Each structure stands twice: as C-alpha cells, then as structure tokens.
Amino acid sequence: MTDPAIALRDVHFSYRTGPEILDIPDLTIARGERVFLFGPSGSGKTTLLGVLAGILTGFTGSVEVLGRDMAKLSGSQRDAFRGTHLGYIFQLFNLIPYLTVEENITLPGRLHSARAKSLAEAHAVAKRLGIEHLLSRAVTQLSVGQQQRVAAARALLGAPELLIADEPTSSLDFDHRERFLDLLFENCALSNSTLLFVSHDRSLAGKFDRQLSLLDFNRAHRTEAAV
Amino acid sequence: MVLLSLAWKSLRNRLLTTSLTVLSIGLSMALLLGVENVRVGARESFANTISQTDLIVGARGGSLQLLLYSVFRIGQATNNVSYESYLHWKNHPAVSWTIPYSLGDSHRGFRVVGTTEDFYQHLRFRRDRKIEFASGRSPKDVFDLVLGSDVAQSLGYKLGDKVVISHGIAAGRGIADNDHKDKPFTVTGILAKTSTPVDRSLYIQLEGITAVHIDWADGAPPMPGEETPAAKITKENMKVEQITSFLLRCKTRMATLQLQREINTYPEEPMQAIIPGVTLQELWRTIGYAEDALQVVTIFVILVGLLGMLVSLYTSLNERRREMAILRAIGAGPGKIIALLVLESGLLSLAGCALGVVMIYGLSIIFQPIVEQQFGLYVPVQPPTVTGWIYLGSVLIAGLLIGFVPAWKAYRNTLADGLSVRV
C-alpha cells in the first residue's frame, strides 16, 4: 500500500478542438483517503474524472491510478481496469432501465469476471445499504434516493479500491443526503476503498478527510465554459 | 452471454418498436418466401401439367409447337396424323395406353377437343391425379359434349344445354358462317377443376369432330341445304380419318427412347414424338425471366424491411446514450457496446425471419385452396427450399451487418460523451 491511490504530475488535457481544460502540476490522493473535490461548473471536474477512470486519453504528463500508468494501458486494459478496480456513481440515472435492481448491482461482475462476486455478497451489500427488499424490483419503480443507493451498491460490490462519486447527492433532499453519505463512508471503510467525492455543495465537505478545490490545483480553469 | 441477455432485455424493454420492427422484417421475409413458394409452385404446376405421359406424338414439325397445342391448347398443328398410323402405335406391343386429340374447332374462344374415353381414363396431371366429373358423365354419343370447369364457369352452361361449335380457333365469337350450327351438341358432363389447361377446353368424341365436318370440302362449309341432317348421323357411321396428335404411355419407361426413335423414323408417315418433360423444361427456361423480375421486387421489399430496423435502432440511440455511459463506467469497452447493438439487430432479424417462416406457413395453409381455385396455381406447403434457406441466411447476415451502423454511431457517441451526462 505504498502507492498512492491517485498521482498526477504535470497533466495537461484539452479536447481535440478547444482550450486546455486541465493543467495540473501535482495531485496526490493517498489510499483509503476520503476526499471531497469541489469546484464550479466548467472547472474541469468531469474531465478530470474521465481521465482518472481511463475513459479520456490524449493527456500529457503522468497519470497513475492505483499504481497503474494510465498512459501505458491499452484501451481494453483500461476498460478491464475500470471494471475491476473502480466503482463509479453518477449524479443521476445510474441504472440500466431494463434490468432489475439485482441485475444492475451484479452487472459489473458479469462483465468482468475478476469483479464477480457471489449473489450472497450482492445481497449483503444491498442489505448494508438498506435496499435488500428492492432486489427484484424494476429500477423504474424506485425513488431517486433508492436509485442512488442501488448505484452505490453496484459501485461497492467487489470492494473496489477506488470509488468515484460524481455529485451523487445533488438530487437528494437534505435527510437523504446525510444518510446516503453515512452509508457510503461506512461501506468504504468496510471495503477499505479510497473515496473521491465530487460536489459543488460545500455543506458536505466537513465530513471528509480532505477538501480539494479544483480551482486551486487546476491552473487551466478560470474562464472556460462547461465541457 | 451477458451481452446476449442485455440485448434481449433491452429489446424487450422497447416492446413496441421491437415488435413493429420484427413485424416489418417478418412480413417482408414472408413475402420473399411466399414469392419463392409461388415460383416453385408455378414451376411444379407447369411441369406437372401433364404426367405419366411418356411421349407426345404428332405430325412432323416443331417440338415446342407440338407441346403447345397438345398440352396447352396454344397455336395449332400444321399437319394431322392419319387414324391408321394412330391405330398402328396404339396397338404397338410396347404401348400401354394412348389418348388421341383432334383439334381445330372452338366455342367462344375455348378450344374444342375431340378425344375418346381414354382421355377420361388415362390422363394424369400433378403426378397421379386423374380427370374427375363435377357432374354428369363422359360423352357416349356423337353429339355429347363435356365442359372443362373454367368453360362451364365462365359461360355458365349447365347439363343439357345446347352448344354450337365453330370451325377454326378464332378468339371470341367465331365467324358466324363457320358455326356448325346445324349440328348442336348437348352438355352431358362438367369436369372438376384440375388447375391445368384441361379446364379451358370442351371435349367431344372423335366422331363428333368428323360429324360436324362431314359435308365440308376443302375447308369450306357445305352450301345451305346440302348439309347431312344431324338426325342421320350415328356414332357407328362416322368414320374417323385423322387426328391431330396423341399422348402415349409405354409399358416400361425403358421402352420410351426406343419407341421415340421408332416413331420418328416411321416410314409410312412423317411423324415426331417428344418427351414432354424435356420440352416443358425448354419452354420454362424461355418464360422464366418473369420469375426473376418477381424476385428482384421482393429483394427490394426485404431491403426496405431491414432499413426499417436500421432506422428504429438508430433513432433509439439518442435516448440510450445514458445507458451506454453507464456501461462504459462499469467497464464495458467500445467493443462490447458495438457487440451489444449488433446482437440486438441480429436478434431482431432472427425473430423477423422466424416470424416470416411461421407466417408463410400459416398463410400457405389458409390460402392454398383459394389460390388453387382462383389462379390454378398449386402452391406447396413445405419447409423452406434451398433458395428459401439462402434467403433466410442472407437476411440474418444482412441484419447483423446493418447492426454495425448504429453500433458505430453508439461507439462514436461513447467516445464523445465519455462518462459525462448528456441526456
């Protein structure tokens, strides 16, 4: 566990046409850390997550995630890496509409056998998140709060080393937000996952080990429009 | 397997568009197979217009011509065969049966055929079906007449009606002067439908043909008042001099070629014998271009069906961008996104093909009797022919290939979208 979870050095990124979105001289996040990342729209949050998840390539500099040099991995290696070691929660619409809750939770394991866990484990995660009774439901029948918990269950299944959450609570009301965050922390601790939590809602920041402002470490932000 | 179940569930989720797409592919597939069946049916019906006849024999001339006037009642003979020669071959030891035809007269555009009881006994079509009577009986007397089923239907004749036949085979109403109006015939029987040219003729006895021409000389009718009155004519005193052609069945198939050679070199009279199957095939080849045209049309129909699938898959992609981003996030590579969409179009085409096969079976079973009745076309109900299977295979492959178009688009989308939320 000597490698940091995330280590960026002199990273520059721009889309094919357009201004530079990322210019990050140095960013390090240790393993097991719970980091709150904030920044206004257009500050490059989504782009940074894309780079970390191995979806976006074409950056310069060094991006190491869980000890792997993302520039050196092939496309399918990055896909396998993401499928095996990463959990990802979106802001909204996290679930495949035509699958049941249980099918949604177990889908990553069915795509990548290294992630595959027993059904019992899926049930255990679902139980910890309080959605066990929903497993056979169609996802379209769930409330937004329930959907986000299902998304969390999917992201947490198989104890990923890095969990990236992209504004997962912005569509929840205050009570649900608190409960969701508590559950997330609890489960990250259980699976020993590093948590990178992105939000523009600074009221949550106090619960995290560390708060990072994208505006502080990304020199390319400032005036650019959302991408 | 994961992708297959994903593809299946995704299609099931869009049940309406899925079923419409499957329906459109199914319909065009059914049409394609239907046309193929009709094609096979037409060819079969054609080849089976006449069966169990080993040789068709007539005066020397074109073999196609002999086939056309003897089987299809099209065109006419340039020369006749003497009755003596006919009797010679009829009594030949290698011959099982013969059916003589005497042609050249007509009734309101339908051919009149002089023949004998042999016609009702021996003629076979569609392998082993024989002539049957819808009502009445075969002609026994000189002026008895039997109607083919189409003739009876279109002219509305009943048993006992009087029919005047005309000399020559002019379409429509013959020249009035050429009517054998002094010697009317009586309908004694109506044949059951055969869906062959048999339906479009009237049948009398060979002696009947002789009777109506008895006073004719050099192709001209007798002067008024000089006709032999019909009352004086009996079957016994009518002497058959010549016939037009005859069908012949050998006792053994082996004898056919030998007999054909014998007939073709018969010293007494210039004659020719043809094997109907061979000549029918020649004829089919010359008129077969019609089926090619039909085929081209149906291929376009299937293209339209596949295009419909393309459109429905392609338009669904925008609402599915979200889904693709999720799949990417949980580790599905672009290859899997492509495979998912290709699988979906594959499943759609497969279901469409299956539906097409089921539909054409159902429709064939329901409409076979109607088509046979109305169009004289016997369409077999059978599993897809080799060509049918080739069609099915090609549509499946084409469906899979077409799937690459939306798949490629989805792939481009995922590259552009990454993990971002663009709804």
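Guide: Let us begin with handedness. A crossing is right-handed if the near helix is turned clockwise from the far one by less than a right angle, and left-handed if it is turned anticlockwise. The model shown here is a predicted one. In it, H3(A) passes H5(A) in a right-handed crossing.

Visitor: At what angle do helix H3 and helix H5 of chain A pack, and how far apart are their axes?

Guide: Two packed helices are described by the angle between their axes and by the distance between those axes. Here helix H3 of chain A, residues 101-111, packs against helix H5 of chain A, residues 144-156, at about 30°, and the axes are 7 Å apart. Angles under 35 degrees count as roughly parallel, and H3(A) is therefore roughly parallel to H5(A).

Visitor: Which residues make the contact of H3(A) with H5(A)?

Guide: H3(A) contributes Val101(A), Asn104(A), Ile105(A), Leu107(A) and Pro108(A), while H5(A) contributes Val150(A), Ala153(A) and Arg154(A). By class, six of the residues in this contact are nonpolar, one is polar and one is charged. An α-helix has 3.6 residues a turn, so residues three or four places apart point the same way.

Visitor: At what angle do the axes of H3(B) and H9(B) cross?

Guide: The axes of H3(B) and H9(B) cross at roughly 100° and come within 10 Å. Angles of 65 to 115 degrees count as roughly perpendicular, so H3(B) and H9(B) are roughly perpendicular to each other. Ser63(B), Leu64(B), Leu67(B) and Val71(B) of H3(B) meet Pro276(B), Thr279(B), Leu280(B), Glu282(B) and Leu283(B) of H9(B). This contact has six nonpolar, two polar and one charged residues.

Visitor: Which residues of helix H3 of chain B are buried?

Guide: In helix H3 of chain B, residues 63-72, the buried residues are Leu66(B), Leu67(B), Tyr69(B), Ser70(B) and Val71(B). Their cover includes helix H9 (276-287) of chain B, together with strands S1 (55-59), S3 (95-107), S14 (245-250) and S15 (271-274) of that chain. After H3(B) comes Arg73(B), with a positive phi near 55°.

Visitor: Into which domains is chain B divided?

Guide: Chain B is divided into domain 1, which takes in 2-46 and 288-417, and domain 2, which spans 55-274. Their C-alpha centres lie 52 Å apart. The contact between these domains takes six residues from domain 1 and four residues from domain 2. On the domain 1 side, two residues are nonpolar, three are polar and one is charged.

Visitor: How many residues does the contact take from chain A and from chain B?

Guide: The contact takes 28 residues from chain A and 19 residues from chain B. On the chain A side, H1 (45-52), H2 (75-85) and H3 each supply at least two residues. H2(A) gives the largest share, seven residues. The chain A side divides into 16 nonpolar, nine polar and three charged residues.

How values were computed: Residues numbered from 1 in each chain as written. Chains lettered and ligands numbered in written order. Predicted model: local features only at pLDDT ≥ 70, side-chain atom pairs only at ≥ 80, totals over all residues. Axes fitted to C-alpha atoms, helices over the stretch in contact; angles between N-to-C directions. Helix = DSSP H or I, 4+ residues; strand = E, 2+ residues; numbered from the N terminus. Parallel < 35°, antiparallel > 145°, perpendicular 65-115°, else oblique. Contact = placed C-beta atoms within 7 Å. Nonpolar A, V, L, I, M, F, W, Y, C, P; charged D, E, K, R; others polar. Domains from an automatic or database assignment. Buried ≥ 20, exposed ≤ 12 C-beta atoms within 10 Å, placed from the backbone.
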